[in-house]
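Let's take a walk through this structure together. Have a look at the picture first, and then we'll go through it step by step.

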Amino acid sequence: MGYHLTTAVSKKKINNVWHQTNAAGTAVDIRRYFRERKSLMDTALNQYLKSNSPKITPLLHQAMCYSVLDAGKRFRPILTLAVGEMFGAKRAPVLSFACAIELIHCYSLIHDDLPSLDNDDFRRGKLSCHKRFGEAIALLAGDALLTEAFFIVSDPALARVLGDSLSAKLIREISESAGMRGMINGQSREFELENCKVTADILEDLDRLKTGALITTAARVGAMIGGAMHKDLDRITRYAQSLGLAFQITDDILDEHEISKDDHKGIANYLSVAGKAKANERVQSLFLQCLKEIEPYGKAAETLREIARYVTDRTL
Ligand code: GRG
């Protein structure tokens with residue numbers, strides 16, 4: 001199998017969307033931006049999953065497609081695209097990495113919904129994967145999506161475009177944030193907090209791993225493929241760390257009705273610990289930190305600015 005995602009989405013579609021980036025001085029219509037990038041991601045994921053699974057058993061394939069396609073904001077891969085665009089990254093490799101990051105995200109949602117973890121019956125407005133296909137298939141679908149993400153990013157054709165060194169760095173970057181040094185570490189820390197007295201600081205540390213690690217990597221990957229210099233990569237990292245934390249606190253605020261459920265499980269979230277006013281205040285301060293980090297880029301960072309505004313305004 002070759003350089004799948006370049007061929008999966010027509011070059012014309014990628015080009016059209018890619019060049020709709022804000023020209024300097026033009027206000028970004030962020031809703032339109034999200035709509036168009038989401039459509040690009042949906043097409044890429046759809047064609048990839050439908051055309052690269054000839055030997056998969058039908059039920060596993062259905063469960064994978066069910067959990068990836070049709071819904072989801074595609075926030076993380078859109079962030080990869082946006083940062084990649086800002087740094088002038090090559091389109092095809094950015095799209096491959098963006099798809100891989102979304103597959104990892106979808107795997108985490110499937111596993112998180114399982115009875116042994118969050119035990120959620122619904123996800124993305126429909127039955128969760130295990131409710132629809134059973135626990136065994138849901139477990140395998142998650143495993144398969146995680147592994148497939150690494151199959152995509154380790155494609156030798158991709159390494160030829162990026163160079164072996166960058167290719168290895170990118171794969172390591174994703175492994176670090178998705179695994180025991182990032183998302184999984186955050187998830188397992190959550191169990192340690194059950195029935196404990198938690199503070200907002202403890203929760204922030206946890207959220208920076210559970211949610212923030214993959215979001216930060218999504219942004220860093222776009223910058224790395226675009227050849228960002230060390231200090232620029234540091235800025236993008238700090239921007240995305242604040243963004244990721246704001247994303248999770250905002251999610252807690254939006255999920256206010258979930259608090260009683262979480263309390264019941266003995267798991268605190270930012271809102272239940274800090275209260276709504278403090279949570280809103282924290283989101284606003286994180287928004288300002290995002291803006292501060294990308295200020296040196298002026299109009300070139302307008303899309304990233306609007307993404308930060310979009311994330312932090314979700315509660316308003
Ligand atoms: C690997 C089991 C396992 C867990 C890792 C990320 C994670 C920890 C679990 C997923 C469940 C969860 C609610 C995480 C918090 C992060 C979050 C807000 C996820 C939802 O992301 P959105 O809003 O979802 O981007 P869509 O559906 O739009 O993709």
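## A loop residue out in the open

Start with aspartate 70: its relative accessibility is 70%, so it counts as exposed, since anything over 50% does. You'll find aspartate 70 in the loop between helix H4 (58–68) and helix H5 (75–86). Its backbone is worth a look too, with a positive phi of about 80° even though aspartate 70 is not a glycine. Keep in mind that all of this comes from a predicted model.

Asparagine 119 is another residue to check for its backbone. Its phi is near 55°, again a positive value in a residue other than glycine. Asparagine 119 sits in the loop between H6 and strand E1 (122–123). Is it buried, exposed or something in between? With 43% relative accessibility, asparagine 119 counts as partly exposed, because that value falls between the 20% and 50% cut-offs.

Now step back and take in the whole protein. It has 18 helices and two strands. Of its 316 residues, 55% count as buried. The accessible surface comes to about 14300 Å², and carbon and sulfur atoms account for 53% of that. What about contacts between residues that are at least 6 apart in sequence? Of these, 74% join residues at least 24 apart.

Next, follow the chain to helix H18 (residues 302–312), where you'll find threonine 312. Threonine 312 has a relative accessibility of 2%, so it counts as buried, the cut-off being under 20%. Where does its side chain point? The side chain of threonine 312 reaches the backbone oxygen of alanine 308, at 2.8 Å. And if you leave aside the neighbours within four places in sequence, threonine 312 is in contact with Ala246, Thr250, Val283, Gln284 and Phe287.

How many residues surround it? There are 19, and the closest are Lys73, Arg76, His105, Asp112 and Arg124. Three of these names come back when you look at polar side-chain atoms. Arginine 76 has one that lies 2.7 Å from an oxygen atom of the ligand. For histidine 105, a polar side-chain atom is also 2.7 Å from a ligand oxygen. Arginine 124 likewise places a polar side-chain atom 2.7 Å from an oxygen atom of the ligand. On its own, the ligand has 710 Å² of accessible area, and the protein covers 90% of it.

Which elements give two or more residues to the shell around the ligand? They are helix H6 (91–113), helix H11 (183–193) and helix H14 (230–254). H6 gives the largest share, with six residues. Sorted by class, the shell around the ligand has six nonpolar, seven polar and six charged residues.

How values were computed: Residues numbered from 1 in each chain as written. Heavy atoms only, no water. Near = heavy atom within 4 Å. Polar contact = N/O pair within 3.5 Å; in protein donor to acceptor, adjacent residues only side chain to side chain. Areas by Shrake-Rupley, 256 points an atom, 1.4 Å probe, with all protein chains shown as cover. Helix = DSSP H or I, 4+ residues; strand = E, 2+ residues; numbered from the N terminus. Nonpolar A, V, L, I, M, F, W, Y, C, P; charged D, E, K, R; others polar. Buried < 20%, exposed > 50% of the residue type's maximum accessible area, 1.4 Å probe, protein only. Contact = heavy atoms within 4.5 Å.
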